[in-house]
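Please find below a note on the model under review.

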Amino acid sequence: MSDQLKFIVEHLNDKPFNKNFNLISFDSSSPDQLLQVVSDVLAEMDPSHSIDIRTEEPEATTLRILNALRILKYKPPPDITLKAFGQGIVQGDKLILHPVLEWLLHNMEDLRKRTYLAKFLVKLEVPPDILGDADIAAMYEQYENLIEEFKLIHKETETVKNSGYSVGELKSDMEAMEKERDIVLNRIQQVQRKVEGSPSFEAMLHAAHELRIQREREKELINQQQDEESALSHRDQRLQRLQQQLKDLRHASVGATPQGLLQRLEEETSVNSYIAKQKLPREIEAREQEVAIMSAVIAEPAMGRSDLDALNSKLQAVNSEISQLVQRHLATKNPAEDKLAPFRQQAAIIARKKDSTAEQLAEMRSRVAALEEELQEKQSQLQAVAGDAVLRGEEFKRYVSKLRGRSSLYKRHRSQLSALKAESGVLSWTVQTLKLRTEKTMAGMEKVAAKHGMLGILESESLLDEMALQKNELDMVKGQSLEQISGLVLELREQIASRKAQLAPIIKELRPLREKCKELTSDYDQAKQKYDAASAGFDSSIAKLEQETNTLQAERDAWESECQILEAKCVIMATDLERVAEEIRLYKGGDSAEKGKTSVRELLGVAIAEREKQSRTLKEEQKAVQEVQINNQLQKQLWSQIQELMEAKLQCYKTAKEMSGTVTIEQGSETLVLQ
């Protein structure tokens with residue numbers, strides 16, 4: 001837990017959040033503060049979450065955070081249910097929000113990318129009745145096509161970003177290649193001009209052309225051989241894979257019969273029907289009852305301590321009554337007479353087993369769904385890292401055909417590059433031969449110059465020419481730089497003089513204003529000191545008066561409330577006194593006008609007499625029932641014995657009839673005649 005807090009606090013104090021938390025202050029944050037921190041972290045990924053939760057309804061805040069976590073595919077810990085997780089978000093529980101913050105801060109870049117993609121990839125939910133319209137259906141289909149197009153474009157963009165190439169590097173490479181191409185073309189033209197006069201030019205050119213063609217053909221044959229070998233290896237791998245699949249299918253089909261498959265399908269159908277017809281309706285009914293109870297609790301006004309105590313006492317009374325009824329039922333019912341009790345127990349055990357099996361099946365299905373979701377997430381991560389997901393079926397075939405097209409293009413470019421390299425080799429050989437010839441020519445010229453006594457004249461001439469060119473270039477550069485510098489100096493002088501002329505009258509006007517500003521500043525400081533002293537005195541006196549006023553108002557409110565309470569008590573006591581006086585007058589026998597009224601004492605006496613009368617009648621009925629009960633029990637036993645006797649006679653009649661005889665029933669006798 002401490003490592004988790006350290007990680008969260010470090011990332012919140014860092015950019016771009018720039019919070020000022022420490023471990024103690026963050027751990028002691030209120031639920032609203034924690035929810036605000038979660039909202040700020042989500043706002044870093046999606047600006048629509050940059051909301052002050054104090055200006056937002058709590059339900060809206062909870063729904064917004066839960067929807068964002070659903071889009072980001074956050075999975076709560078396995079020991080926390082979804083209901084507990086939602087309640088923790090509503091209550092701002094740090095045991096729920098701290099893991100959420102850790103996950104968000106740890107996967108910030110991936111979640112920012114996922115949030116960006118969710119804006120375009122999360123489809124809008126349109127009701128089926130609206131999709132029945134042809135125009136809306138066409139528009140929705142166009143919307144889905146645009147989503148698929150966005151997926152392809154985003155995938156290509158990520159592939160280009162992860163390829164390691166940049167636009168600047170590509171431009172520089174293209175410029176370098178263009179320069180090299182120009183250099184090669186110039187050299188080719190020079191060589192062509194020099195070689196055109198040779199007698200064997202056409203024959204050598206034709207031979208070089210044929211040699212290049214044969215080399216290209218040889219390379220194409222080598223590449224074709226490599227392609228065929230790779231295709232053969234792919235076919236072998238596919239054959240091995242299909243053989244393995246065939247082997248697995250044969251192994252799985254050993255012992256399988258149509259009856260077994262039908263039995264398996266019937267079992268799956270029975271399980272699904274039990275879940276759909278029994279388990280799910282019970283769960284739905286339980287959830288509806290919970291919702292009804294919650295809505296009723298929400299609809300009721302806020303309860304105080306006294307209301308809760310009253311409800312608890314009422315609940316205890318109902319529970320005690322239920323336990324008494326259960327005990328009475330068990331006392332009046334004889335377990336030995338209940339012949340269906342074992343079957344009920346077996347049915348209850350089977351029902352519990354079915355419920356537990358259904359729960360295990362639901363857990364396994366949810367686990368399979370979670371694993372499939374995790375597999376999809378891993379595939380998306382693989383797609384983000386490698387550029388493409390694992391291809392299967394038609395996609396793999398299209399990819400292979402596209403790859404073949406690119407390989408053919410690559411081969412063509414490679415053949416062109418090899419041809420250019422061959423021509424570059426020929427040209428470099430030509431340049432070397434020309435350099436050798438030039439060196440030989442220069443050596444011959446030096447020998448001739450040495451014979452005539454002018455040794456080194458060629459080198460001196462070349463050096464003089466180079467020095468003259470350098471001197472001319474330097475002179476031109478110096479002249480241009482001196483002219484530019486002189487022009488800049490003149491422009492700067494003119495600008496300085498014009499600015500001085502413009503500022504001179506302003507400076508003259510500014511001097512008296514500065515003196516006046518100093519005087520006003522000193523007067524302002526003195527007045528401000530006086531004002532601060534007076535305001536401090538007034539503030540202290542006002543604070544004292546406000547405090548005294550507040551105490552007096554509190555005392556006045558207390559006296560007024562006490563006075564109102566006493567007045568209400570007086571009114572209640574006066575009404576009670578009036579009722580007592582009226583009861584006394586009625587008891588003593590007042591005026592003739594009041595003789596028709598009935599006193600409370602008389603009403604209570606009448607009620608007591610009625611209850612006593614009811615009690616006497618009930619006791620008499622109880623006594624009568626107890627006297628008749630023994631006779632009724634005996635009569636019940638007699639009738640049950642008569643019923644058993646009649647059932648035995650009926651059974652004997654049926655068995656006699658089955659024995660292929662004739663039964664003759666007369667008065668007081670039955671005769672069986674066998675055939």
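1. The structure is a predicted model, and local features were considered at pLDDT of at least 70. Across the whole structure, a search finds five salt bridges. Side chains of opposite charge can pair when their charged atoms come close.

2. One of these salt bridges joins Asp227 to Lys411, with an N to O distance of 2.1 Å. The pair connects distant parts of the chain, since Asp227 belongs to helix α11 (residues 201-252) and Lys411 to helix α15 (residues 394-451), 184 residues apart. Asp227 is partly exposed, at 34% relative accessibility, and Lys411 is likewise partly exposed, at 25%.

3. A salt bridge also forms between Glu148 and Lys151, whose closest N and O atoms lie 3.6 Å apart. Both residues belong to helix α9 (residues 134-162), where a spacing of three residues separates them by about one helical turn. An α-helix has 3.6 residues a turn, so residues three or four places apart point the same way. Glu148 has a relative accessibility of 41% and counts as partly exposed; Lys151, at 38%, is partly exposed as well.

4. Arg556 and Asp557 form a salt bridge in which the closest N and O atoms are 3.6 Å apart. A network of salt bridges links Arg556, Asp557 and Glu560. Relative accessibility is 48% for Arg556, which counts as partly exposed, and 41% for Asp557, also partly exposed.

5. Which residues of α4 are buried? They are Thr61, Thr62, Arg64, Ile65, Ala68 and Leu69. Viewed down the axis of α4, the buried residues fall within an arc of 165 degrees and therefore line one face of the helix. Glu59, Leu63 and Arg70 are exposed on the other side of α4. The packing partners of the buried residues of α4 are α3 (31-45), α5 (82-91) and α6 (94-106).

6. Regarding its dimensions, helix α4 (residues 58-71) contains 14 residues and spans 20 Å from first to last C-alpha, close to the 20 Å expected at 1.5 Å a residue.

7. Helix α7 (residues 108-121) has 14 residues, and its first and last C-alpha atoms are 19 Å apart, close to the 20 Å expected at 1.5 Å a residue. Buried in α7 are Met108, Leu111, Thr115, Leu117 and Ala118.

Conventions
Residues numbered from 1 in each chain as written. Predicted model: local features only at pLDDT ≥ 70, side-chain atom pairs only at ≥ 80, totals over all residues. Heavy atoms only, no water. Salt bridge = Lys/Arg side-chain N within 4 Å of Asp/Glu carboxyl O. Helix = DSSP H or I, 4+ residues; strand = E, 2+ residues; numbered from the N terminus. Buried < 20%, exposed > 50% of the residue type's maximum accessible area, 1.4 Å probe, protein only. Expected span 1.5 Å × (residues − 1). Arc of directions from axis to C-beta. Contact = heavy atoms within 4.5 Å.
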